[in-house]
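This report describes one protein model for a reader who is new to protein structure. Please look at the sequence and the model before reading on.

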Amino acid sequence: MGFDQITVATDLSARSDRAVARALALSREHGAPLRIIHVQDADLPEDVAEAFRARARAAVEARLGDVAKEAQVT
């Protein structure tokens, strides 16, 4: 059984790294694109929301390298 896409949610905490690592492994194993979701409050002012989105994206990208190494995924 293959997957069309792997989706994982993260709160950007260290404890969510295990779920992200597993999602990365499944993504590699099945050749499926990985989608990482982080939710923020929709009622934030747009400038604050955009700043949060940029910081969240940077945090996810920075953490992926560490998580991928720990999961032995390259």
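What volume does the largest cavity have? The largest cavity has a volume of about 80 Å³. A cavity here is a set of points, on a 1 Å grid over the protein atoms alone, where a 1.4 Å probe fits but cannot get out. A volume is the space filled by probe spheres set on the points, with grid points joined across faces, edges and corners.

## Basis of the model

This is a predicted model, in which local features need pLDDT of at least 70 and side-chain atom pairs count only at pLDDT 80 or more, while totals for chains, interfaces and linings use all residues. Residues are numbered from 1 along each chain as its sequence is written, and side-chain values use heavy atoms, with hydrogens and water left out.

## Overall layout

The protein chain has two helices and two strands, and along the sequence they follow the pattern β-α-β-α. Helices (H or I, at least four residues) and strands (E, at least two) are DSSP runs, numbered from the N terminus.

Of the 74 residues in the protein chain, 26% are buried. Buried means under 20% relative accessible area, exposed means over 50%, and partly exposed lies in between (1.4 Å probe, protein chains only). The accessible surface of the chain comes to about 5400 Å², and carbon and sulfur atoms account for 52% of that surface. Such areas come from the Shrake-Rupley method with a 1.4 Å probe; for residues, only the protein chains shown count as cover. Among contacts (heavy atoms within 4.5 Å) with a separation of 6 or more, 72% are between residues 24 or more positions apart.

## The nonpolar core

Which residues make up the largest nonpolar core? The nine residues are Ile6, Val8, Val20, Ala21, Ala23, Leu24, Leu26, Ala32 and Val67. Strand S1 (6-9) and helix H1 (17-30) each supply at least two residues of this core, and the largest share, five residues, comes from H1. A nonpolar core is a set of buried Ala, Val, Leu, Ile, Met, Phe, Trp, Tyr and Cys residues joined through side-chain atoms within 4.5 Å.

Leaving aside neighbours within four places in sequence, Val20 is in contact with Val8, Thr10, Leu64 and Val67. Ser27 is found in helix H1. Ser27 counts as buried because its relative accessibility is 11%. With neighbours within four places again left aside, Ser27 is in contact with Ile6, Ala32, Pro33 and Leu34.

## Salt bridges

Side chains of opposite charge can pair when their charged atoms come close. The structure holds three salt bridges, each a side-chain nitrogen of Lys or Arg within 4 Å of a carboxyl oxygen of Asp or Glu. One joins Asp11 and Arg15 (3.2 Å, N to O). Asp11 is partly exposed at 41% relative accessibility, whereas Arg15 is exposed, with a relative accessible area of 69%.

Arg53 pairs with Glu46 (2.7 Å, N to O) and also with Glu50 (2.9 Å, N to O). Arg53 and Glu50 are three residues apart in helix H2 (residues 46-70), so about one helical turn separates them. Salt bridges that share partners join Glu46, Glu50 and Arg53 into one network. Glu46 is exposed at 54% relative accessibility, while Arg53 is partly exposed at 32% and Glu50 is partly exposed at 41%.

## Pocket and cavity

How much space lies in the largest pocket? The largest pocket holds about 210 Å³ of space. A pocket is an open set of grid points with protein on both sides within 12 Å along at least five of seven lines, and lining residues have an atom within 4 Å of a point. The lining of the largest pocket includes Ile36, His38, Arg53 and Leu64, and its largest share, six residues, comes from H2.

The structure holds one cavity of 30 Å³ or more. Among the residues lining the largest cavity are Thr10, Leu12, Val20 and Val67. H1 and H2 each supply at least two residues of this lining, and the largest share, four residues, comes from H2. Leu12 lies in the loop between S1 and H1. Leu12 has a positive phi of about 70° although it is not a glycine, and at 22% relative accessibility Leu12 counts as partly exposed.
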